[in-house]
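Look through the sequence and the structure below before reading on. The paragraphs that follow take up confidence, then a pair of helices, then a pocket.

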Amino acid sequence: MMNKKRTQLMLDVIKKADISKYKSSDQKELKLLERQLERDLKPIKVRSAKNKGKNLQNKVCEKLSVALDIPWSNSDDEALIQSRQMGQHGVDIILRGEARNRFPFSVECKSTETFNLMGTLNQAKENIIKDTDWLIIYKSKKLKSPIAIIDFDVFLNKVIDK
């Protein structure tokens, strides 16, 4: 992703250019690029950002539910797998009982185009639940599917059965 300064510079150059001297197909491409750059400069609305985050949390709950064969629910406060409501303190995915025993991670979800690894890592460590390891699930437009970020030593211990 380009930084805002570079995006603004490109947009300014396109707007100042006399595109009438270009052939029609190139003019269409320049107009399309101009619209894309303008959209990239427009900040995402808070509601849209929260929806992106909530959608990722629900997707993670759904995948964990299938993998563990444990149902998940956002409406049942006693569900073993649940997505935390937006704006509440704590991990993004609530795991209870058998779900936590079988998947001992404190999960933070991030769906963003501007990812702050250290900030997210600090948040994951602050919200860690006793006897679990932190796990970050990250999604952006450029990724086909979410990725997991985990401490390397924890990864090795989980992959290599000790």
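What is the mean pLDDT of the protein chain, and what percentage of its residues reach 70 or more? This is a predicted model, and the mean for the protein chain is 88, with 95% of residues at 70 or more.

Start with the helices. Helix α1 covers residues 4-16 and helix α2 covers residues 24-41. Their axes come within 10 Å and cross at roughly 145 degrees, and the crossing of α1 with α2 is left-handed. On the α1 side, the contact is made by K4, T7, Q8, M10, L11, I14 and K15. On the α2 side, L30, L33, E34, L37, E38, D40 and L41 take part. Sorted by class, the residues of this contact are seven nonpolar, five charged and two polar.

Now turn to the second largest pocket, which has a volume of about 220 Å³. Its lining consists of 14 residues, and those closest to the centre are K59, V60, K63, L64 and I137. Which elements give two or more residues to this lining? They are α3 (46-68), β4 (133-139) and β5 (147-149). The largest share comes from α3, with six residues. By class, the lining of the second largest pocket has eleven nonpolar residues, two charged and one polar.

Notes: Residues are numbered from 1 along each chain as its sequence is written. This is a predicted model: local features need pLDDT of at least 70, side-chain atom pairs count only at pLDDT 80 or more; totals for chains, interfaces and linings use all residues. Side-chain values use heavy atoms; hydrogens and water are left out. On a 1 Å grid over the protein atoms alone, a cavity is a set of points where a 1.4 Å probe fits but cannot get out, and a pocket is an open set with protein on both sides within 12 Å along at least five of seven lines; lining residues have an atom within 4 Å of a point. Grid points are joined across faces, edges and corners, and a volume is the space filled by probe spheres set on the points. Helices (H or I, at least four residues) and strands (E, at least two) are DSSP runs, numbered from the N terminus. Ala, Val, Leu, Ile, Met, Phe, Trp, Tyr, Cys and Pro count as nonpolar, Asp, Glu, Lys and Arg as charged, and the others, Gly among them, as polar. Axes are lines fitted to C-alpha atoms, for helices over the stretch in contact, and angles run from 0 to 180 degrees between N-to-C directions. A crossing is left-handed if the near helix is turned anticlockwise from the far one by less than a right angle, and right-handed if clockwise. Contact means heavy atoms within 4.5 Å. pLDDT is the predictor's confidence in each residue, from 0 to 100.
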